[in-house]
Every structure is written in C-alpha cells, then in structure tokens.
Amino acid sequence: MSVGNMAETETVEEEIPVLDLAPFFSGEPGAAERLAAELRHAQENIGFYFVINHRVDMALISRGYRQLERFFATPMEEKLKLRASAIRPGYVPPNSVVYVTSPVNKNTKADLNEVLRYVNERPDDHPGRVAGRRFHGPNPWPENLPGFRETIKACHEDLASLGRRLLPLYALALGKPADFFTPFFDEPMWTTRNSHYPVVAAEENQFGIAPHQDAGFMTLLPLSDVPGLEIRTRAGNWINADHMKGDVIIVNTGEFLNRWTNGRFLASPHRVKPPAKDRYSMALFFNPSPDAVAVPLDTCVSADNPAKFEPISLYDYICWYVDRNYPPEVGGKRTNAEPGRSAAEQAIG
C-alpha cells in the first residue's frame, strides 16, 4: 500500500517489504540483481525490510532469548557487576539512556528498557585492545549462568554472518561491484544490544525505547513474539513491525550508511512501546571496520545532489552517538536530557 505524500507525484511506502534470500543463496542466475533492486527500493522508500530463508539458525536464536531471560531475572546487584563503562561494554540499567539525537521526537525521559551491550571482541593482543580503544572488548560475562556465554556468542556470530552475506546486495543496489564493501569489513566493529523491556507504567513522553535512528551500517533483529516495535514512515505514520510470523529477521539502515549513501538509503526512526508482557530483543548492528570512512558514494552524488555530509570514520561516529545519548555512568558523556539537533544535521567534530 502507498499513500499520497506532500508532493502530488510522489508516493510513500506504508508497508515493510519481504525479501526472500533463497534464490540468491542458492546461486540462481540473476537472483542477486533482482534482490538488489528489491533492497534498493526498500532502503530508498522505508528503510526497513524483512528477510526470509536467511539461513540464521532460529532454534539457536530462541535458545539465546531464553538465556537473556535468565540473565535479566538475576538480582540487580549481580547485573551491576557487569556494568558498562567508558571502555568496556556491558550492562546498562533501566532509566539510563535518553536519545537526544532523535530527529523526530524531543526525548526527555530515560528509556524503560535494560540492556546488555556486547561487541565483536578482539584478542588480548589486538592493537585496538592494547590501545584501549572503545568497542573492542573485553566483554564482561556472568559467572553463574552456565551456557550463557557460549549461546549468546553463537547467536551474535550467526547474525553477523548474515550481515556479511548481504554486503554484495548492498553494493549492487548502489551501482557498485558486488565486492565493493568487502575491504571495508576486514575487521567489522559490530555491536549488539540485548534488551529486556519490562512491564512498567510509562510517564508522558517515555517509551520502552524512545524514537531514534540507529547509528551504524545495518541492524539485524530477529523478531520478538511480543509486539511493540514501530517504524515511522516518510509520511509520518507509525506502523507496527512485529506482525510477521515465523523465522523472520528485520533489517534496517543506520545513520552511518545513510551518510555513506548521501541520504539515499533511509535511516528510519523507530521506537518500542512499553509491552503488555516482558519483551526481549537481540539487535546486532553490523558495521565496517573502525577506521572505515563514510565518504558519500559517487553513485549517490550529482550536480543536482551534491554531497551533504563530511567524511567521518565509523569509530568516531559511534563514539559521538554513544557519548550524546548515554550518561557517564554507563560509558557516555550525556549530562542532561536536553535534546540537540538530529544526528543528520549535527556537525560532528
């Protein structure tokens, strides 16, 4: 379904498309090009799409969700032992994060969800670890939950593998050779947001997670069986994104890819309303290597559409995003909830 936009000749997508990856993964002739065209349409019009036949082990993902339930059910003092800091990922308690970078809502109340943030952990002798760079690890793991670490790591690695397999489609969708993005992902700096949305009463202008845009390249999220995720369309409507059933993963563009494509691929705002029963989610933000720089692509720039964004590295952008939205006690630099301009408009030094 499409609805009329402000311009009489333009229509705006109001449904999230479904992409079937089976023909592409089986090597069917022409499948990559057809699927790239579908992906391009989704990313230019709504910013989100569902994937089926994606080869992610959903039985493993289900086990991962059960492990998250175990963790979030532990006493607060145990969870706080894993608390995130300026360097390490880890636990972020409820009422910590305010997405002041939101372009669509003046967020002033801290989100109700609690989160366990993990990263693509580097070995102890990795230069990034030795230098103390953020988002390199080590990840803090609970000591008294047998099987938790192994299961959650396996879930994240499976989702990251899907992200890597999608890269040729993104390249083709942007008029580039299929292997264009490969060198930018030699050491992907993916991060994860493993969340619990409790059943609590929200104050005015408060959410499970407030309207925001993701920061990175792409986000992969296995759908929850508890509704709450909503997406804002270009027409300004909030639509439900939890209506698909079965082994489905939803994928969306982050602000870094939006910059890289000169605004062509949409980083659409989304939110989670306070649920009617406990809701769990496992989002993986699949990003390029830390020093990858988003220079607006030549296929997305023209005389009529000049470059809108200054080049910036993935590492610097994610640091800026976390520092703006997270307070110091969980690794950011936000000292109040006074909203600023949107990330797309903000000058980043």
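A: Gladly! Helices (H or I, at least four residues) and strands (E, at least two) are DSSP runs, numbered from the N terminus. In this structure, T101 lies in the loop between β5 (90–92) and β6 (114–119). This is a predicted model, where local features need pLDDT of at least 70, side-chain atom pairs count only at pLDDT 80 or more, and totals for chains, interfaces and linings use all residues. Residues are numbered from 1 along each chain as its sequence is written, and side-chain values use heavy atoms, with hydrogens and water left out.

Q: Is T101 buried or exposed?
A: Buried means under 20% relative accessible area, exposed means over 50%, and partly exposed is in between (1.4 Å probe, protein chains only). T101 has 2% relative accessibility, so T101 counts as buried.

Q: Which residues are in contact with A210, leaving aside its neighbours within four places in sequence?
A: Contact means heavy atoms within 4.5 Å. With those neighbours left aside, A210 is in contact with N107, D111, H270 and R271. A210 sits in strand β8 (residues 209–212) and is buried, at a relative accessible area of 1%. From C-alpha to C-alpha, A210 and K273 are 8.0 Å apart in space, while in sequence they are 63 residues apart.

Q: And where is Q67?
A: Q67 is in helix α3 (residues 58–72). Q67 has a relative accessible area of 11%, so Q67 is buried. Leaving aside neighbours within four places in sequence, Q67 is in contact with P146, G147, F148, T151 and I152.

Q: At roughly what angle do helix α2 and helix α6 cross?
A: Axes are lines fitted to C-alpha atoms, for helices over the stretch in contact, and angles run from 0 to 180 degrees between N-to-C directions. The axes of α2 (residues 31–45) and α6 (residues 148–173) come within 8 Å and cross at roughly 75°. Angles under 35 degrees count as roughly parallel, over 145 as roughly antiparallel, 65 to 115 as roughly perpendicular and the rest as oblique. The two helices, α2 and α6, are therefore roughly perpendicular to each other.

Q: Which residues of α2 and α6 meet?
A: From α2 come A32, L35, A36, L39, R40 and Q43, and they meet L169, Y170, L172 and A173 in α6. By class, this contact has eight nonpolar, one polar and one charged residues. Here Ala, Val, Leu, Ile, Met, Phe, Trp, Tyr, Cys and Pro count as nonpolar, Asp, Glu, Lys and Arg as charged, and the others, Gly among them, as polar.

Q: Where does α6 bend?
A: The bend at a residue is the angle between axes fitted to the seven residues ending there and the seven starting there. In α6 there is a bend of about 30° at L166, and a proline, P168, follows within four residues. Just after α6, G175 takes a positive phi of about 75°.

Q: What backbone values do most residues and peptide bonds have?
A: Most residues other than glycine have a negative phi, and most peptide bonds are trans. In this model, F135 has a positive phi near 65°; F135 is in the loop between α5 and α6 and is buried at 7% relative accessible area. N262, also not a glycine, has a positive phi of about 60°. The peptide bond from G137 to P138 is cis, with omega near 5°.
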